[in-house]
Amino acid sequence: MEKKVLLIGATGYVGKAILNELINRGHQVTAVVHSAGKTLDADVETVVADATDPDTLARLAQGKDAVISAYNPGWANPRIYEDTLENYPKILEGVRKSGVSRLLIVGGAGTLFVAPGLRLMDTGSLPEAWVPGVKGLGEFYLNTLAGVQDIDWIFLSPAANLGNLQPGTRTGKYRVGKDDLLTDEKGDSFISVEDYAVAMVDELETPKHHKERFTVAY
């Protein structure tokens with residue numbers, strides 16, 4: 001069944017994969033982009049706007065079946081930690097004002113447990129450049145999103161490696177977990193960005209998770 005979707009962050013690495021999956025499955029997509037000049041599929045309604053402004057987002061999302069957020073302030077942004085913690089609550093507020101009940105968020109793997117009581121972001125194993133972005137999104141999930149009860153949200157955490165171990169492929173297959181990092185028999189934690197997008201759109205079409213985080217990997 002066709003869904004009307006507002007997609008935030010459609011020009012990013014993960015956002016583009018989700019956009020392609022939505023289009024290929026026949027959904028009606030409105031993509032919010034921060035600046036003009038980014039080329040998107042001709043079948044997509046593209047709006048240049050600030051999705052982190054609650055009133056703007058509420059207006060754009062009104063009447064949609066769901067909002068999918070692949071918002072990221074940019075890995076090269078020196079304020080990625082601060083901007084994530086400042087802007088994601090504004091996205092929540094915008095969705096709340098819009099009346100749209102379903103919010104699907106591209107989550108991070110940082111808050112997944114790699115051992116009892118030990119989250120990936122606290123292991124010291126992440127590249128230093130990633131830490132601010134990983135911790136910002138992780139703290140938003142743990143300290144804000146997890147307590148939200150009036151929106152039917154999901155936070156989809158990928159495997160530790162998202163599309164950077166091998167050429168990206170869409171197999172349509174993945175395993176589902178909850179709060180623990182999923183690894184294969186070799187100990188690798190991986191999913192292609194295309195199959196991550198498959199999992200996200202599967203959840204859009206057939207909701208199985210509500211007000212919770214889950215994770216996918218091979």
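**The sheet and its helices**

Guide: Five of the six residues of β2 are buried (under 20% relative accessible area, with exposed over 50% and partly exposed in between, for a 1.4 Å probe and protein chains only), so β2 is largely enclosed by the rest of the structure. This is a predicted model, in which local features need pLDDT of at least 70 and side-chain atom pairs count only at pLDDT 80 or more, while totals for chains, interfaces and linings use all residues. Residues are numbered from 1 along each chain as its sequence is written, and side-chain values use heavy atoms, with hydrogens and water left out.

Visitor: How many bridges join β1 to β2, and do they run parallel or antiparallel?

Guide: Five bridges, and the two strands run parallel. Lys4 is opposite Gln28 of β2. Strands (E, at least two residues) and helices (H or I, at least four) are DSSP runs numbered from the N terminus, and two strands pair if DSSP finds at least two bridges between them.

Visitor: What is the strand order in the sheet?

Guide: The order is β3-β2-β1-β4-β5-β8-β12-β10, eight strands in an open sheet with mixed pairing. The edges are β3 (45-48) and β10 (175-177); each has a single partner strand, so one side of each has no neighbour in the sheet. From one strand to the next the twist averages 25°; axes are lines fitted to C-alpha atoms, for helices over the stretch in contact, and angles run from 0 to 180 degrees between N-to-C directions.

Visitor: And how does β10 pair with β12?

Guide: Three bridges join β10 to β12 (residues 212-217), and the two run antiparallel. Val176 has Val216 of β12 as its bridge partner.

Visitor: Which strands does α1 touch?

Guide: Helix α1 (residues 13-24) packs on the sheet and touches β1, β2 (28-33), β4 and β5, contact meaning heavy atoms within 4.5 Å. Its direction makes about 165° with that of β1. Helix α5 (residues 193-205) lies across β1, β4, β5, β8 (152-157) and β12, at about 170° to β5.

Visitor: What comes in the loop between α5 and β12?

Guide: Lys211 is found there. Lys211 has a positive phi, near 50°, although it is a residue other than glycine. Most residues other than glycine have a negative phi. Lys211 counts as partly exposed because its relative accessibility is 35%.

Visitor: Switching to α3. What is its span?

Guide: Helix α3 (residues 80-98) has 19 residues and reaches 26 Å from first C-alpha to last, close to the expected 27 Å, which is 1.5 Å times one less than the number of residues. Just after α3, Gly99 has a positive phi of about 85°.

Visitor: What do the buried residues of α3 pack against?

Guide: They pack against β1 (4-8), α2 (54-61), β4 (66-69), β5 (102-106) and α4 (131-143). Among the buried residues are Ile80, Tyr88, Leu92 and Val95.

Visitor: At what angle do α2 and α3 pack?

Guide: About 45°, with their axes 7 Å apart. On the α2 side, the contact includes Pro54, Leu57 and Ala61; on the α3 side, Ile91, Gly94 and Ser98 are among the residues involved.
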